[in-house]
Amino acid sequence: DIDYGTMTDPRDGKTYRTVVVNGQTWMAENLNYADNGIGLSLCYNDDEEMCELYGRLYSRDAAMNSSKCAGKAVCLLGNGPIQGLCPDGWHIPTYSEAQALVDLVDSNASLLMSAKGWGIDGSISGTDEYGLSFVGTGGHNAEDNFNSYGLYTFMWVYRESSYMYYLLIRGVQNEAYIYNFDKYETRNPVRCIKNK
């Protein structure tokens, strides 16, 4: 049994499940905050219902809440955790925090994956060992294409770099790892971690 908590984003009143993993309180759902003042956020296939189910997809500058991180620019916001688009008291996962999660499950994605929301026909399922309930949200790329729904999910990670970093969970391959990418812009989900 997973012991879930909740948090309510005071900016729009949306409530999210939370769960403690490895001594840190994580959002157990993707952020669905629409009023980002910087960058792009959208729903998969431009369908608002997808945002309600799976959260929004954010450009890196929107996720980090900084125009310094637009496009493929070097994203230098300091070493420590940054709030980004997260509510007050929460922050974008750092590289080390995300890597600690990958290490915890030994790159075994099924331990992080929800029992539902994977595979085009629901044929893939996870065990959701820690209650993080990652679902196959897919993503959005610079060519304005939505892709990988039901197969992959992503989570923005902050690291000072010219690369874009995100947690990549590949359902079919049962892999979870931190990916760095600089070929083109991507729009990915956001999970937040509570400040200690």
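In the hairpin formed by strand 1 and strand 2, 6 residues lie between the strands, and G13 adopts a positive phi near 80°. Strands here are DSSP runs of E of at least two residues, whereas helices are runs of H or I of at least four residues, both numbered from the N terminus. The model is a predicted one, in which local features need pLDDT of at least 70 and side-chain atom pairs count only at pLDDT 80 or more, while totals for chains, interfaces and linings use all residues. Residues are numbered from 1 along each chain as its sequence is written, and side-chain values use heavy atoms, with hydrogens and water left out.

Strand 1 (residues 5–8) pairs with strand 2 (residues 15–21) in the antiparallel sense through 4 bridges; two strands are taken to pair if DSSP finds at least two bridges between them. Within this pairing, M7 stands opposite Y16 of strand 2. Strand 2 is also joined to strand 3 (residues 24–27) by 4 bridges, and these strands run antiparallel. Here T18 has M27 of strand 3 as its bridge partner. The hairpin of strand 2 and strand 3 has 2 residues between the strands, and N22 takes a positive phi near 60°.

A disulfide is a covalent bond between the sulfur atoms of two cysteines. With a disulfide defined as a pair of cysteine sulfur atoms within 2.5 Å, a search of the whole structure finds 3. In sequence order of the bonded cysteines, the pairing is 1-2, 3-4, 5-6.

C43 is joined to C51 with an S to S distance of 2.0 Å, and the link is left-handed, with -110° about the S-S bond. C43 is buried at a relative accessible area of 4%, and C51 is buried at 1%; buried means under 20% relative accessible area, exposed over 50%, and partly exposed in between, for a 1.4 Å probe and protein chains only. The sulfur atoms of C69 and C75 lie 1.9 Å apart. The torsion about their S-S bond is about 65°, so this disulfide is right-handed. Both C69 and C75 are buried.

In the disulfide of C86 and C192, the sulfur atoms are 2.2 Å apart, and the link is left-handed, with -95° about the S-S bond. This pair links distant parts of the chain, 106 residues apart: C86 lies in the loop between helix 2 (60–64) and strand 6 (90–91), and C192 in the loop between strand 12 (186–187) and strand 13 (193–194). C86 and C192 are both buried.
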